[in-house]
There are 2 protein chains.
Amino acid sequence: MKKVLITTVPFAKTNKLPIELLEAAEIEYCINPLNKKLTADELQEMIFDYDAIIAGTEEININVLKNAKRLKIISRVGIGLDSVDLNEAKFRDVTVTYTPDAPAPAVAELTIGNIISLLRGTHLSNLKMHERKWERIFGRRIPEVTIGVIGAGRIGGRVLRRLAAFGSPRILVNDLSPNLNVAPQLKIEWVDKETIFKEADVITLHVPLSRTTKNMISAPQINLMKRDALLINVARGGIINENDLADALISNRIGGAAIDCFEFEPYSGPLTDIDTCLLTSHMGSMSLDCRSRMEIEATEEVIRFFKGTELKNLVPESEYLMQNDG
Amino acid sequence: MKKVLITTVPFAKTNKLPIELLEAAEIEYCINPLNKKLTADELQEMIFDYDAIIAGTEEININVLKNAKRLKIISRVGIGLDSVDLNEAKFRDVTVTYTPDAPAPAVAELTIGNIISLLRGTHLSNLKMHERKWERIFGRRIPEVTIGVIGAGRIGGRVLRRLAAFGSPRILVNDLSPNLNVAPQLKIEWVDKETIFKEADVITLHVPLSRTTKNMISAPQINLMKRDALLINVARGGIINENDLADALISNRIGGAAIDCFEFEPYSGPLTDIDTCLLTSHMGSMSLDCRSRMEIEATEEVIRFFKGTELKNLVPESEYLMQNDG
């Protein structure tokens, strides 16, 4: 009987279908007994007799893979692959799949909500009102500002299309390969990142974490930004240098930020003391429908693998190359 | 020289044009010296030698009007007229104007932001994260829920058109006179209010405060709602009974609420102790551009009045009738 370790939690909490699928396929499963994001050390200890991982964002590095004597497939619940040493997995003949489309609608919708919260000071007013302080905050509307989008793929593209409903903001977009049809309703200016840092009122990141994007926004980039710039990261922790961001917010170098993902999670660093920083607990993809779809897709991929039927979401070669090139 | 009392604060804070217009027209002005929403008693004492009011939402009742011996025009900065005794003003030959279009885009945008915050638990996660508590909250996306809109006029219509960018939620709308072209992209079901209370996951109010809408949502209506219903009021305080809402939230009778306006402002009542209630300080129209437009339009109306040129935003007869009929 094949055995799968489900590391991502919560799992099958509202929709039991992934569990039912595993049981119907007679695959033995274990859901992460620590009920939190595992460290590489913890995973290394648990992994030795499992044939598959249905994985969250925990690190699956060379030490984990060395200890995973039976492992044949890593099925990532989600889109990001920064946590998996892809080339080491390939070397050890471990197949890696992911669910690149499922999270996109939920992440894009949260991004729009966070843009409006930051522009209007909703999060600040809510904190003050709960301290019984009444202070009317002036905000700005989407069509009145310049919005900079870094990364216009599955998620960034959806953000752009939803923005179009709010009138005609000035939109600056940066992407490795500009897709000129991403949001036909909008007049998009394709620019370099520096132009976005200098000219955007709202900057939102929709890129993967890689050697190139790690610390992509640190003090030098923040120092190019407008005094009232607002910065959003619902992509991956580590793309923004958290300590530099905290310094910038404390010194009012920029106006505010909305941060959903962190270099180390659970996060409890200096941003938690800063009211202008809207914080959420890595919830970008956490809508019931998207999360269910991600869990089901990742589970089906494991079942297909053991049945020997064709896989639907093999990680493409470009992702392996990206980790090589850095 | 004509004298105008500007009661609404802040006024001309970021855009000085209203003040410049008054000075160019040689109209003397005084900006509310108490720098807060005036009570009727306070206004009654101040008003006696002013020819005009550029008014906020403070009560302008019979006692105020009796004392306003020289008053010829009330120019409301905003859309709501519940604060003004229109028929008493007419009886005393005081003209009333307002700015019905200017606030709509800002209110609609805040509404969309609040819908997403409530659906995703952003406000809750932000409170927890600032207490260094990491708890991933499952949410729902707009296209997965049923959204009930009560009032589909200037603001409700804009909310509907912006919702269309987020996919195809089930949309229930109630309005005295259904406007079938309000959002052609959406399949709208025109229903009675009871259907909205029973079937909607998110209920958002875009009606004026009147004798009919006062306490429109109290315990009996809340008791019809789904257990996880989310309630939004960026319209006017008093439409939702605040104490009934607080009871319902404390007992988890409904899932959450976003409240921007209150029966008495500044508000410091029981909702301030409830984390599931997203609170803002009457900021619906508080975007820089909309607020400026409102202030400029209200000021221009006063200037036109004293110059004897035609007014652009006289309050229509229907508003007087609504106050008569209750």
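Author: Just after helix α6 of chain A, the residue A:R132 takes a positive phi of about 60°. Most residues other than glycine have a negative phi, and most peptide bonds are trans. This is a predicted model, in which local features need pLDDT of at least 70, side-chain atom pairs count only at pLDDT 80 or more, and totals for chains, interfaces and linings use all residues. Residues are numbered from 1 along each chain as its sequence is written, chains are lettered from A and ligands numbered from 1 in the order in which they are written, and side-chain values use heavy atoms, with hydrogens and water left out.

The helix itself covers residues 122–130 of chain A, and seven of its nine residues are buried, so the rest of the structure largely encloses it. (Buried means under 20% relative accessible area, exposed over 50%, and partly exposed in between, with a 1.4 Å probe and protein chains only; helices, H or I of at least four residues, and strands, E of at least two, are DSSP runs numbered from the N terminus.) The buried residues of α6(A) are A:T122, A:H123, A:S125, A:N126, A:L127, A:M129 and A:H130. What do these buried residues pack against? Within chain A, their partners are α5 (104–120) and β12 (277–279). From chain B, α5 (104–120), α6 (122–130) and β12 (277–279) also take part.

The chain around this helix has twelve helices and twelve strands. Its radius of gyration is 21 Å, close to the 20 Å that the globule rule gives for 326 residues, so chain A is as compact as a globular protein of that length. (The radius is taken over C-alpha atoms, and the rule is 2.2 Å times the number of residues to the power 0.38.) The C-alpha trace of chain A spans about 60 × 45 × 35 Å along its principal axes. Of its 326 residues, 60% count as buried. Among its contacts (heavy atoms within 4.5 Å) between residues at least 6 apart in sequence, 62% join residues at least 24 apart.

Helix α11 (residues 288–307) of chain A holds A:I296. A:I296 is buried, at a relative accessible area of 15%. The C-alpha atoms of A:I296 and A:K16 are separated by 9.4 Å, although the two residues lie 280 residues apart along the chain. Leaving aside neighbours within four places in sequence, A:I296 is in contact with A:N15, A:L17, A:P18 and A:L21.

Two further features concern the backbone of chain A. A:N35, which is not a glycine, has a positive phi of about 55°. A:N35 is placed in the loop between β2 (28–31) and α2 (40–46), and is exposed, with a relative accessible area of 57%. The peptide bond joining A:V9 and A:P10 is cis, with omega of about -5°. A:P10 lies in the loop between β1 (3–6) and α1 (17–24).

The peptide bond from B:E265 to B:P266 is cis, with omega near 0°, and B:P266 lies in the loop between β11 (256–259) and β12 of chain B. B:D93 is not a glycine, yet has a positive phi of about 65°. The loop between α4 (86–91) and β5 (95–97) of chain B contains B:D93, which counts as exposed at 61% relative accessibility.
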